Every structure is written in structure tokens, then in C-alpha cells.
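Hello,

Here is the structure for you to look through. My notes follow below it.

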Amino acid sequence: MTTSLKQRLVVSVIDREGGYVNHSSDRGGPTNYGITLAVARANGYYGDMRELPKSLAVRIYEARYWTSIRLDRIAPISATLAEYLFDFGVHSGPGRSAKELQRTLNVLNNRGKLFADLKEDGAVGPATLDALDAFRKARGGAGLYVLAESINGVRIAFCRGLAERDERQEDFAYGWFKRIVNLRSEVESDQADRLVATLYSEIAAEVA
């Protein structure tokens, strides 16, 4: 089975998040496969979170955290950037992930010489994609690496801020940081490919 980056990202986050969890310090409330109660309800699921179908979790991850921020267009430019944006979106919301991309591009446009400032609205549209392509043309692969790692730095700082503002979030801080710095090695591993084969076989049996 040939696996896609999208599939490897989805199965990696499901494997990392595990099944049903209802941690008293988690502001999102009960989760299953990393899907929060609010997100499940927003996607039409009103059952017990313990019974959330894995196939629905996969569809939510693909639509909400991949398709919504146009990672199908970003991944061919930089797979690493797509990985970081996807997981940032899963953890902190796709709008925040996209907005941080826009903010970072705005400070890397050399005072408008490379491309015009973007509206920082968290919606990835033609202007954001064109700006990313202009940045790639100007800075090349080395520049894309700097951009991707800058997004990861922003994400770490954001997570640190959560724990600083609410001491209960220190329960998760080390795990958050570990997740961020180890993401690429997890997603690009042979284990991720094996997880894809297993998960999608399970889903096929679930919906049969």
C-alpha cells in the first residue's frame, strides 16, 4: 500500500492520542482519538464519546485539519511545513495554525519586496498560497526549512504560554513539547506506514 502524507499524519495523531480520555485538567473535556466533544458535535456526532467511530475521526482529521487549510497545495511546496501546520491545527485549531503561517510570512516578505502583506485571518486562500510560492522562489528550499521551523518555534511558545497562564496545563506541557519536536520522525517513520495499513483496514471493516 502506498501511503500519503495526509494518511500518515492522521494515523500518527490517532495513535498518539489513543482512545477515550477525560482528564480533569483538559479544557476540551472528553476526547476520543484526540477528537474533542465540541468538534464531534460540530461534525454531527451526538453519541457517547466512548463510542465515537474511528472512521468518523479519520474523516474529521482529513476535512478539518488537512483540507480546510489547503495542505494539499502546501505539501508539494514543503512537506515539512504541511506536517507542522497539520499538527498545530489539531492541537490548537486550524484557524490558529493558518494565521501563524500568515503572520510569519508577513515578517519574511522583506518589507513587501517579495510579496504584499497578507490579511492575517486564518483562512488559507489564493493570496496566502501565492505568497508562499513567492517566498519559495525567493528563498528556495533552505528558506522553506527556516519557515517551517519558525512555525514550530511559534507553536512551542504558544504552548508554553498556555501553561504559564493556567498552571493546570503544566500537566501536559512536557508532552506537548515532546510531541512537537518528535513529530517529523514519527510521521516519516516505517511505523507510520504500518499504522496506515492497519487503520484503513479497520475502517474498511467498520463500514462494511
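**What was found**

Of the 208 residues of the protein chain, 48% are buried, meaning under 20% relative accessible area, with exposed being over 50% and partly exposed in between (1.4 Å probe, protein chains only). This is a predicted model: local features need pLDDT of at least 70, side-chain atom pairs count only at pLDDT 80 or more, and totals for chains, interfaces and linings use all residues. Residues are numbered from 1 along each chain as its sequence is written, and side-chain values use heavy atoms, leaving out hydrogens and water.

**Overall layout**

The protein chain has nine helices and two strands. These are DSSP runs numbered from the N terminus: helices are H or I with at least four residues, strands E with at least two. Along the sequence the pattern is α-β-β-α-α-α-α-α-α-α-α. The radius of gyration is 17 Å, close to the 17 Å that the globule rule gives for 208 residues, so the chain is as compact as a globular protein of that length. That radius is taken over C-alpha atoms, and the rule is 2.2 Å times the number of residues to the power 0.38. The C-alpha atoms fill a box of roughly 55 × 45 × 30 Å along the principal axes.

**Helices 7 and 8**

Helix 7 (residues 126-165) packs on helix 8 (residues 170-187) at about 175°, with axes 9 Å apart. Axes are lines fitted to C-alpha atoms, for helices over the stretch in contact, and angles run from 0 to 180 degrees between N-to-C directions. The two helices are therefore roughly antiparallel. The classes are roughly parallel under 35 degrees, roughly antiparallel over 145, roughly perpendicular from 65 to 115, and oblique for the rest. Among the residues that meet are Ile156 and Cys159 in helix 7 and Trp176 and Phe177 in helix 8. Contact means heavy atoms within 4.5 Å.

**Helices 5 and 6**

Helix 5 (residues 79-92) and helix 6 (residues 94-107) pack at about 135°, with axes 6 Å apart. They are therefore oblique to each other. Leu81, Leu85, Phe88, Gly89 and Ser92 in helix 5 meet Pro94, Arg96, Ser97, Glu100 and Leu101 in helix 6.

**His23**

His23 sits in the loop between helix 1 (5-17) and strand 1 (31-32). His23 is partly exposed, at 32% relative accessible area. Leaving aside neighbours within four places in sequence, His23 is in contact with Asp171 and Phe172.

Best wishes
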